[in-house]
Amino acid sequence: MKRIWIGTLGRDNAGEKVLLAGWVAGWRDHGGVCFVDLRDQTGLVQLVASEDKNRSAYLKLHQLRQEWVIKVVGIVNLRPHETVNYKISTGEIEVVVEEVEILNKAAPLPFSIHDDKVNASEETRLQFRFLDLRRKLLQDNLRLRHEIVLAVRNFLSSRGFVEIETPILTLSTPEGARDYLVPSRVNRGKFYALPQSPQLFKQLLVISGFETYFQIARCFRDEDLRADRQPEFTQIDIEKAFVQEDELFSLVEDLMKEIFTLAGIKIEVPFPQLSWEESMDRYGTDAPDLRNPLEIIDASDLFSNTDFAVFKRVLDHKGVIKGIKVPQGASYSRSEIKKIEDLAKAHGAKGLLWFKKGSDKIIPQIKKVFTDKELRLLVERFSMREGDILFLIADNLPIVREALGKLRTVLGENFVDENSYKFVWITKFPLFEWDDGSKRWVSVNHPFTAPLEEDFPLLTSGSYSDIRAQAYDLILNGIEIGGGSIRVHDSSLQRQIFRVLGLDEEEQEKRFGFLLKALEYGAPPHGGIALGLDRIVSILVGASSIRDVIAFPKTTSASCLLTGAPSTVRSEQLEELGIKIIDQS
């Protein structure tokens with residue numbers, strides 16, 4: 001007989017003899033009648049055998065325990081109406097067992113895998129990941145991930161994109177995160193690097209005439225981990241020749257619509273767009289959660305003639321005064337306001353002022369400091385209503401942005417609809433930023449990002465902090481799920497950018513000579529984006545960590561509790577590679 005998938009069974013199969021195989025998910029004996037829940041990757045079905053009708057089958061079922069692997073032959077039967085289980089697809093039937101074969105036994109489980117909430121630490125779950133993955137929740141997560149990858153491949157292929165694999169062992173070009181290095185046995189003393197992204201290879205592919213490229217790419221970054229980071233991760237990598245930002249945005253929006261439809265979620269396109277400057281001014285972050293309705297508003301001009309010494313001093317030193325209104329926040333207790341003030345100070349603010357809107361007037365934290373006109377203008381600027389509270393911070397622009405951005409996230413939590421999905425494009429990032437540690441300019445995105453054409457002259461004038469990039473991030477519910485840029489396609493411009501980053505001609509040739517040479521041979525204008533597959537899936541399934549959508553994830557210390565990696569290796573292996581371990585204990 002041919003094995004049948006459990007999930008394909010239904011009332012139409014009543015009377016058929018079937019061969020099933022899978023894991024024992026549950027077991028119970030009701031006085032001479034034994035019931036077993038059998039599970040395979042497609043579903044779960046109830047098996048039954050009675051002692052008086054088939055003693056041999058009954059005794060076999062009776063000795064089973066959870067997660068034993070069995071094979072059974074039986075007859076599909078319709079269950080009595082009062083025993084139908086409408087929670088599962090096979091709930092109208094049961095299989096009356098005729099034969100049972102025990103294929104393998106299972107040791108007692110370290111935790112239950114049949115409950116939605118596991119009563120075990122994450123360390124235990126990762127150590128026994130092969131058991132954790134049997135849980136329906138994780139099975140569903142990984143199946144959705146598979147469907148999304150399949151949909152991405154079909155979508156991009158239908159748009160003329162070609163999937164091409166790029167090397168895993170490549171050249172180390174340390175910019176940003178640290179590389180994972182791989183020693184070469186054949187070339188002793190030299191190292192490969194695992195790719196942080198396929199960035200240079202996908203540009204080379206476009207230069208090679210593959211105008212539309214994509215890849216479901218594995219990437220590696222040796223960086224500190226958080227819930228949304230792993231040392232190895234997967235991105236949907238897209239590159240296109242002769243493309244403008246808006247064309248690429250439209251492509252990605254259609255792709256997102258396709259992906260979210262798989263999860264039964266309808267999203268609206270096109271997505272709104274905000275420049276980096278506007279996002280920082282309104283939300284204090286370049287990854288705003290637009291489900292949160294609170295906004296930062298500038299009030300600097302309202303106090304241009306103020307007598308309040310603190311505000312006057314800030315404005316005299318080119319600082320700003322900005323604030324956030326919280327609807328019906330006037331009911332905050334003193335202790336709650338103190339916590340809000342402490343949060344602002346933790347992010348650099350020297351202080352925080354509040355103003356409460358009463359029925360007929362605004363009540364400032366500090367009395368007799370502000371004029372009636374200033375208070376009236378505050379009410380108008382922030383559209384304050386009775387019961388609202390306003391928080392103001394006065395300081396230099398970066399501190400005000402950061403502090404109010406953090407306050408906005410915390411103060412807006414109660415206003416966020418957890419079941420909504422808000423996308424936004426963030427554009428026109430700064431091209432460079434000054435790094436105080438290394439005392440040099442570094443790339444905000446990466447050194448292959450093109451500046452806005454109108455900012456080209458600033459490259460020669462030295463006004464590097466004012467240069468804007470043709471770079472963009474896709475943000476969903478306050479989480480960056482993708483980023484990309486229009487690339488530099490002119491060799492002289494690329495060399496100019498490298499010089500700003502402190503790379504002399506020799507260093508440019510050593511690290512990027514192959515790219516510079518390729519740019520001299522008819523490189524077309526091109527651009528692309530990388531979308532974080534792990535983050536997208538985790539948002540769709542409501543996971544708190546991307547570890548719940550990755551089959552075998554690492555811990556926050558970048559270790560695998562299942563296999564024990566990373567591990568020591570034999571001294572013979574190190575000698576063969578020409579490597580010596582220096583004890584730094």
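The legends below describe close-up views of a predicted model. Residues are numbered from 1 along each chain as its sequence is written, and side-chain values use heavy atoms, with hydrogens and water left out. Because the model is predicted, local features need pLDDT of at least 70 and side-chain atom pairs count only at pLDDT 80 or more, whereas totals for chains, interfaces and linings use all residues.

**View A. Strands β1, β2 and β3 pair one after another through two hairpins.**
Helices (H or I, at least four residues) and strands (E, at least two) are DSSP runs numbered from the N terminus, and two strands are said to pair if DSSP finds at least two bridges between them. Strand β1 (residues 17-29) pairs with β2 in the antiparallel sense over six bridges, and within this pairing arginine 28 stands opposite phenylalanine 35 in β2. Three residues lie between β1 and β2 in their hairpin, and glycine 31 in the turn has a positive phi of about 60 degrees. Strand β2 is in turn joined by eight bridges to β3 (residues 43-50), again running antiparallel, with cysteine 34 opposite alanine 49 in β3 and two residues between the strands of this second hairpin. Of the eight residues of β2 (residues 33-40), seven are buried, where buried means under 20% relative accessible area, exposed over 50% and partly exposed in between (1.4 Å probe, protein chains only).

**View B. The second largest pocket is lined in part by β1, β2, β3 and α4.**
About 800 Å³ of space lies in this pocket, and of the 25 residues that line it, the closest to its centre are Arg39, Gly43, Leu44, Arg134 and Lys136. A pocket is an open set of points, on a 1 Å grid over the protein atoms alone, with protein on both sides within 12 Å along at least five of seven lines, while a cavity is a set where a 1.4 Å probe fits but cannot get out; lining residues have an atom within 4 Å of a point. Grid points are joined across faces, edges and corners, and a volume is the space filled by probe spheres set on the points. Helix α4 (136-158) is among the elements that each supply at least two lining residues, and the largest share of the lining, five residues, comes from α4. By class, the lining has six nonpolar, eight polar and eleven charged residues, counting Ala, Val, Leu, Ile, Met, Phe, Trp, Tyr, Cys and Pro as nonpolar, Asp, Glu, Lys and Arg as charged, and the others, Gly among them, as polar.

**View C. An open sheet of eight strands has mixed pairing.**
The order of the strands is β6-β9-β10-β22-β21-β20-β17-β11. At the edges stand β6 (162-163) and β11 (273-275), each with a single partner strand, so one side of each is left without a neighbour in the sheet. Further in, five bridges join the antiparallel strands β17 (residues 423-427) and β20 (residues 471-476), and phenylalanine 423 has leucine 476 in β20 as its bridge partner.

**View D. Helix α5 is mostly covered, with eight of its nine residues buried.**
The buried residues of α5 pack against β9 (212-220), β10 (232-241), α14 (505-519) and β22 (526-532). Glutamine 199 lies in this helix (residues 199-207) and is buried, with a relative accessible area of 8%. Leaving aside neighbours within four places in sequence, glutamine 199 is in contact (heavy atoms within 4.5 Å) with His446, Phe448 and Arg487. The helix is followed by glycine 209, whose phi is positive, near 105 degrees.

**View E. Serine 559 lies in the loop between α15 (533-541) and α16 (571-577).**
Serine 559 counts as buried because its relative accessibility is 16%. Its side chain makes a polar contact with the side chain of serine 557 (3.2 Å); such a contact is a pair of N or O atoms within 3.5 Å, of which, within protein, one must be able to donate a hydrogen and the other to accept it, and residues adjacent in sequence count only if both atoms are side-chain atoms. Beyond its neighbours within four places in sequence, serine 559 is in contact with Lys554, Ala565 and Pro566.

**View F. The largest cavity has a volume of about 30 Å³.**
A search of the whole structure finds one cavity of 30 Å³ or more. The residues that line the largest cavity are Leu126, Arg129, Phe552, Pro553, Cys560 and Leu562, and they divide into five nonpolar, no polar and one charged.
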